[in-house]
Amino acid sequence: MPLVVDTDPPTITALLAQLPAGSQAVDVVERMQAYLDEHPEEHLLVLGPHLDVTTSLEVCQRLSTSRPLLYTVMVRHDLDALVLAQAMKAGVRDVVPMAELASLRTSAERARTLFAALRGEGVVSEGSVVTVFSPKGGVGKTTLAVNLAMAIADGGRRRVCLVDLDLAFGDVAITMQLFPTHSIEHAVGSESSLDLAQLQGMMTRHAGSVQVLAAPAHPDVRERVTPALVAKTLSVLRTGFDAIVVDTAPAFDEQVLAALDETDECVIVATLDVPTLKNVKVALETMDMLRIAEGHRHLVLNRADDAVGLGPEKVEAILQMATAARLPSQVEVAASTNAGTPIVASSPDHPVSVIVRDLAARVLGEPVGAPTGTAASGTASSGPDERPRARTPFWKRR
């Protein structure tokens, strides 16, 4: 995804607002270089107005030979003929006045098109990463991730990959009655060379048109799957799929944080019990602190019709977050899981299926249909907004 470099947080926010969702930002040139080393396929670099002009020109001059496919843009408060002439000599592709920031969108589109043309490809595909997360196990996270992936795929209308990042005890494969011969374990050690063809060779296809990248068969492999490999995997998958649904472990370990850092839309699953809500509240505060998926979070209450003394409205007040979906307790969901056929596929008209399809539309930014069933009548969030995220990948922070 495009990278912004500037030292002023409000300016970073303004620049990211003109770029695709998921664009990243760093505040020093040293971090910029580390990011580019980790992302050899990066196609756009935006150097903000608070960087010294000499530093910006030196960066562009160096990258024009070491990364000729990288499209560099300088944003400046004041432009004069001397700066423009120096920028041209340094190989800068565009110089954008801060007062005309909207033109940065045109530069971003031009960068994508040029990158694809120079590589002899069509327009660069950038699928969305949708991460399903809960800090507490046993809340139905995997079942939701599987059904959400099926709903997004819509019978093959979209190319969808489901990645199981519960690396010690992942259940995606068994939930879908799949018996993979390969998993993400086979990508270990390929952080710098991994490509789409390699990843596709590690996947198992489900009859519902979803490709599954399974978790390792043995828990001891977990430590060998590095955060850099997780980031690289998701970055590569963006180029071949319309959506990548990620099922995570119920913890903020390094691998999960790496996935969250690459996330465009985050679905947070909770149930109506005090321990889960306490953990979810702490998780939301942690995500705020790390600036993860700001403005792109969707709270899902599972088993939301349970009579346990905690209603959805009270949960929303505790978490200070509206619910995007409320799933009722239904024996058919458990039965479909045990049969290895997600309920979205086996019973498309079931109330739970309708709610999950509406959730899929919400995370994709598409119109949400009128919900059916009593559990769907609750408050829904207004959907993702356009607030960008400015952060450094977790494992690079000092």
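This is a predicted model: local features need pLDDT of at least 70, side-chain atom pairs count only at pLDDT 80 or more; totals for chains, interfaces and linings use all residues.
Local features are reported where pLDDT is at least 70 and side-chain atom pairs where pLDDT is 80 or more, while totals for chains, interfaces and linings use all residues. Residues are numbered from 1 along each chain as its sequence is written, and side-chain values use heavy atoms, with hydrogens and water left out.

We may begin with the parallel sheet. Five strands make up an open sheet in the order β2-β1-β3-β4-β5, with parallel pairing. Here strands are DSSP runs of E with at least two residues, helices are runs of H or I with at least four, and both are numbered from the N terminus; two strands pair if DSSP finds at least two bridges between them. The edges are taken by β2 (24-26) and β5 (94-97), each of which has a single partner strand, so one side of each is left without a neighbour in the sheet. From one strand to the next, the twist averages 20°. Within this sheet, β3 (residues 44-47) and β4 (residues 71-76) pair in the parallel sense over four bridges, and Leu45 has Thr72 of β4 as its bridge partner. Helix α5 (residues 103-118) packs on the sheet and touches β3, β4 and β5; contact here means heavy atoms within 4.5 Å. The direction of α5 makes about 170° with that of β4, where axes are lines fitted to C-alpha atoms, for helices over the stretch in contact, and angles between N-to-C directions run from 0 to 180 degrees.

The axes of α3 (residues 53-66) and α4 (residues 81-90) come within 8 Å and cross at roughly 25°. That makes α3 roughly parallel to α4, on a scale where angles under 35 degrees count as roughly parallel, over 145 as roughly antiparallel, 65 to 115 as roughly perpendicular and the rest as oblique. On the α3 side, Val53, Leu57, Cys60, Gln61 and Ser64 take part, and they meet Val83, Gln86, Ala87, Lys89 and Ala90 in α4. The residues of this contact divide into six nonpolar, three polar and one charged; Ala, Val, Leu, Ile, Met, Phe, Trp, Tyr, Cys and Pro count as nonpolar, Asp, Glu, Lys and Arg as charged, and the others, Gly among them, as polar.

A further open sheet has eight strands in the order β8-β9-β7-β10-β6-β11-β12-β13, and its pairing is mixed. Its edge strands, β8 (204-205) and β13 (323-326), each pair on one side only. Strands β6 (residues 128-133) and β11 (residues 265-270) pair in the parallel sense over four bridges, with Cys266 of β11 as the bridge partner of Thr131. Helix α6 packs on this sheet, touching β6, β7, β9 (210-213), β10, β11 and β12 (297-301), and its direction makes about 175° with that of β10. Helix α12 (residues 312-319) also packs on the sheet; it touches β12 and β13, and its direction makes about 150° with that of β13.

Turning to charged side chains, the count comes to 14 salt bridges, each defined as a side-chain nitrogen of Lys or Arg within 4 Å of a carboxyl oxygen of Asp or Glu. One of them joins Glu109 to Arg112, with the closest N and O atoms 3.5 Å apart. These two residues are three apart in helix α5, which separates them by about one helical turn. Glu109 is partly exposed at 40% relative accessibility, whereas Arg112 is buried at 15%; buried means under 20% relative accessible area, exposed over 50%, and partly exposed in between (1.4 Å probe, protein chains only).

Glu366 and Arg158 meet in a salt bridge of 2.9 Å, N to O. This pair links distant parts of the chain, 208 residues apart: Glu366 lies in the segment after α15 (351-363), and Arg158 in the loop between α6 (141-153) and β7 (160-165). Glu366 counts as partly exposed at 33%, and Arg158 as buried at 11%. Arg159 forms a salt bridge with Asp242, the closest N and O atoms being 3.0 Å apart. Arg159 is in the loop between α6 and β7, and Asp242 in the loop between α9 (227-238) and β10 (243-248), so the pair ties together parts 83 residues apart in sequence. Arg159, at 40%, and Asp242, at 31%, are partly exposed. Finally, a network of salt bridges links Arg222, Glu223 and Asp253.
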